[in-house]
Amino acid sequence: RRLLVEELPLFTVEVRDHIMIAHSFQGAVFGPAQALHGATFVVDAAFIADTLDDNGIVIDIGRALDALKAVLSPLNYRNLDEVPEFKGVNTTTEFLSKHIFDGLAKPARAGELGRPGRELKALRITLSESHVARAQYEAPLW
């Protein structure tokens with residue numbers, strides 16, 4: 001069930017980037033992924049609002065793309081096993097989608113994307129790890 005389906009209509013603007021990382025997992029459930037391996041994630045960030053602003057937009061796409069790049073930059077070309085804030089954490093696709101949400105929610109709430117933050121309703125992050133698998137984290141901003 002989608003979080004916001006009952007509340008349609010909504011406007012959404014989505015921006016995309018990607019990251020290349022390495023990581024390993026702890027736990028037998030991960031099988032061969034327990035060993036160090038690489039991944040390239042396509043990252044989609046969807047900004048959701050009930051209405052368009054006076055300019056007819058949800059957010060400024062350029063600012064949203066810059067904000068996404070800023071959140072992804074510390075992860076790109078990194079071995080996530082070596083990132084101090086992820087110590088002892090399985091950096092699964094699901095976990096990373098929430099981490100990216102948290103990073104993008106800050107500028108969205110602060111009104112740094114070309115419109116007052118309170119006018120934005122929600123944010124959805126989708127990480128595609130291949131053409132057959134992806135994970136999402138979606139939540140209200142307020």
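User: What percentage of the 142 residues of the protein count as buried?
Analyst: This is a predicted model, in which local features need pLDDT of at least 70 and side-chain atom pairs count only at pLDDT 80 or more, while totals for chains, interfaces and linings use all residues. Residues are numbered from 1 along each chain as its sequence is written, and side-chain values use heavy atoms, with hydrogens and water left out. Buried means under 20% relative accessible area, exposed over 50% and partly exposed in between (1.4 Å probe, protein chains only). Of the 142 residues, the buried share is 42%.

User: In what order do the elements of the protein run from the N terminus on?
Analyst: Helices (H or I, at least four residues) and strands (E, at least two) are DSSP runs, numbered from the N terminus. The protein has two helices and five strands. From the N terminus on, the order is β-β-α-β-α-β-β.

User: What is the radius of gyration of the protein, and how does it stand against the globule rule?
Analyst: The radius is taken over C-alpha atoms, and the rule is 2.2 Å times the number of residues to the power 0.38. For 142 residues the rule gives 14 Å, and the protein is close to that value, so it is as compact as a globular protein of that length. Along the principal axes, the C-alpha atoms fill a box of roughly 50 × 30 × 25 Å. The radius of gyration is 16 Å.

User: Which residues touch the most other members of the largest nonpolar core?
Analyst: A nonpolar core is a set of buried Ala, Val, Leu, Ile, Met, Phe, Trp, Tyr and Cys residues joined through side-chain atoms within 4.5 Å. The largest one holds 34 residues, and those touching the most other members are V43, F47, I100, L104 and I125. At least two residues of this core come from each of β1 (11-23), β2 (37-49), α1 (61-72), α2 (93-109) and β4 (122-128).

User: Is F47 buried or exposed?
Analyst: F47 is found in strand β2. Contact means heavy atoms within 4.5 Å, and beyond four places in sequence F47 touches residues including V13, V15, L104 and L123. The C-alpha atoms of F47 and V13 are separated by 5.3 Å, although the two are 34 residues apart along the chain. With a relative accessible area of 0%, F47 is buried.

User: What is the relative accessibility of V15?
Analyst: V15 lies in strand β1. Leaving aside neighbours within four places in sequence, V15 is in contact with V43, D44, A45, F47, I61, A64, L65 and L68. V15 counts as buried, and its relative accessibility is 5%.

User: Where is T92 found, and is it buried or exposed?
Analyst: T92 is in the loop between β3 (78-79) and α2. Leaving aside neighbours within four places in sequence, T92 is in contact with F25 and F30. Its relative accessible area is 15%, so T92 counts as buried.

User: What is the relative accessible area of T51?
Analyst: T51 is found in the loop between β2 and α1. Beyond four places in sequence, T51 is in contact with F11 and R115. T51 is partly exposed, at 45%.

User: What is the phi of Y77 near?
Analyst: Y77 sits in the loop between α1 and β3. Y77 is exposed, with a relative accessible area of 64%. Its phi is positive in a residue other than glycine, near 60°.

User: How far apart do the centres of the positive and negative side chains lie?
Analyst: Lys and Arg count as positive and Asp and Glu as negative, while His and the chain ends are not counted. Each charge is placed at NZ of Lys, CZ of Arg, CG of Asp or CD of Glu. There are 15 positive and 19 negative side chains, and the centres of the two sets are separated by 2 Å.
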